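Reader: I am new to protein models, and I would like to learn how to read pockets, strands and helices. Could you take me through them slowly?

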Amino acid sequence: MHQIAVCKPAIYRRRRRRRRRPNEGDRRSTEIAESACCFQAICDEPFALTQHRCVSTQIKMDQYADPQLKIGFIGAGNMAFGIAKGMLSGNVLPINIKVSAPSSTNQGRFQELGISVTHSNTEVVSGSDVVFVAVKPHLVPLVLSEVSPHVQQKQIIVSVAAGVTLALLEELLPENSIVIRLMPNLPCVVQEGALLFARGANAKQEDGAVLCSLLRCCGLVVEGPEAWIDIHTGMSGSGVAFVYLFAEALAEGAVKMGMPSALAHSIASQTVLGAGRLLRDSGKHPAQLRSDVCTPGGTTIYGLHTLEQGGVRASVMSAVESATEKARELGRK
């Protein structure tokens with residue numbers, strides 16, 4: 001039995017509240033209560049929410065993070081930028097964020113957001129309540145050995161390095177350090193990310209609540225067992241690129257048939273966006289939505305037949321498997 005915690009995006013909850021009908025009084029009260037951004041712990045079959053075996057309890061938490069929290073980022077890559085930008089859409093102030101990186105190459109975009117930058121990792125750690133370690137996996141041991149003397153027990157250390165396990169992180173940091181392993185994805189930049197995290201041995205539920213409150217405006221935030229992190233990396237972290245490849249191919253197909261390239265790419269991006277939002281908001285299984293589009297003898301079923309002949313389903317499943325195995329391989333190095 002696994003226990004997960006889910007923090008639904010505030011944007012999604014607000015959309016649901018606008019769509020409620022006037023006679024839904026009880027549901028209205030329930031959903032307004034949920035807007036406090038609570039953790040939802042779901043046992044047994046966590047995602048089959050309609051099954052009678054599921055037990056759901058709610059642990060209240062603040063909707064927003066403490067505005068006085070000091071946030072630090074070691075590393076100034078895309079993941080750090082996406083998370084930082086998502087935080088700023090909540091109540092985290094730029095003045096409370098500091099980013100370190102060895103070069104100035106990526107620091108400019110943080111400065112444009114009003115975030116202070118430095119070349120000193122120890123400066124970031126010494127002045128932060130929550131530290132995100134957002135460097136390449138092979139650099140994690142080097143970085144943590146450098147900052148370890150400055151880490152305090154009250155600090156929350158969050159690693160977003162693919163494949164780096166909680167056990168290794170705890171081994172590299174001082175005893176009893178609070179460690180959380182997080183895997184975000186690039187759409188955090190537009191507050192539509194999918195983030196999965198796992199707590200280390202010394203990280204309490206309250207520490208997870210702090211992280212969730214910081215990330216709540218980045219998108220969907222889920223807590224689960226560490227074994228799921230590498231899978232999430234393969235499905236959602238890398239999966240973003242898989243979707244972009246599909247969108248590119250979709251547009252190129254339209255160009256082949258005579259549509260101008262700029263228009264084809266614009267429509268392809270809107271098609272992916274619309275399909276994704278409908279899938280999320282409807283709660284329907286993808287197969288059901290796919291069936292809803294198909295009509296007997298129509299264009300869609302002919303196109304789907306061609307995709308199946310090309311092995312698109314097996315290829316996507318294999319791509320997730322390959323990316324997951326690569327993440328696991330990084331963890332074994």
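This is a predicted model: local features need pLDDT of at least 70, side-chain atom pairs count only at pLDDT 80 or more; totals for chains, interfaces and linings use all residues.

Reader: Which element gives the largest share of the lining of the second largest pocket?

Author: That share, four residues, comes from α14, and by type the lining of this pocket divides into 23 nonpolar, 13 polar and two charged residues.

Reader: How should I read the two faces of a strand?

Author: In a regular strand the side chains alternate between the two faces of the sheet. In strand β8 (residues 156-159), Ile156 and Val158 are buried on one side, while Ile157 and Ser159 are buried on the other.

Reader: In what sense do β7 and β8 pair, and over how many bridges?

Author: Strand β7 (residues 130-133) pairs with β8 in the parallel sense over four bridges, and Val131 has Ile157 in β8 as its bridge partner. From β7 the chain passes through α6 to β8 in a right-handed β-α-β crossover. Four bridges also join β8 to the parallel strand β9 (residues 178-183), where Arg181 stands opposite Ser159.

Reader: Why does the length of helix α11 agree with what it should span?

Author: At 1.5 Å a residue, the 22 residues of α11 (residues 261-282) should span 32 Å, and the end C-alpha atoms are 31 Å apart, so the two agree. Just after α11, Gly283 takes a positive phi of about 75 degrees.

Definitions and conventions:
Residues are numbered from 1 along each chain as its sequence is written. Side-chain values use heavy atoms; hydrogens and water are left out. Helices (H or I, at least four residues) and strands (E, at least two) are DSSP runs, numbered from the N terminus. Ala, Val, Leu, Ile, Met, Phe, Trp, Tyr, Cys and Pro count as nonpolar, Asp, Glu, Lys and Arg as charged, and the others, Gly among them, as polar. The expected span of a helix is 1.5 Å times one less than its number of residues. Buried means under 20% relative accessible area, exposed over 50%, partly exposed in between (1.4 Å probe, protein chains only). Two strands pair if DSSP finds at least two bridges between them. A crossover is right-handed if, with the strands pointing away from the viewer, the path from the first strand over the helix to the second runs clockwise.
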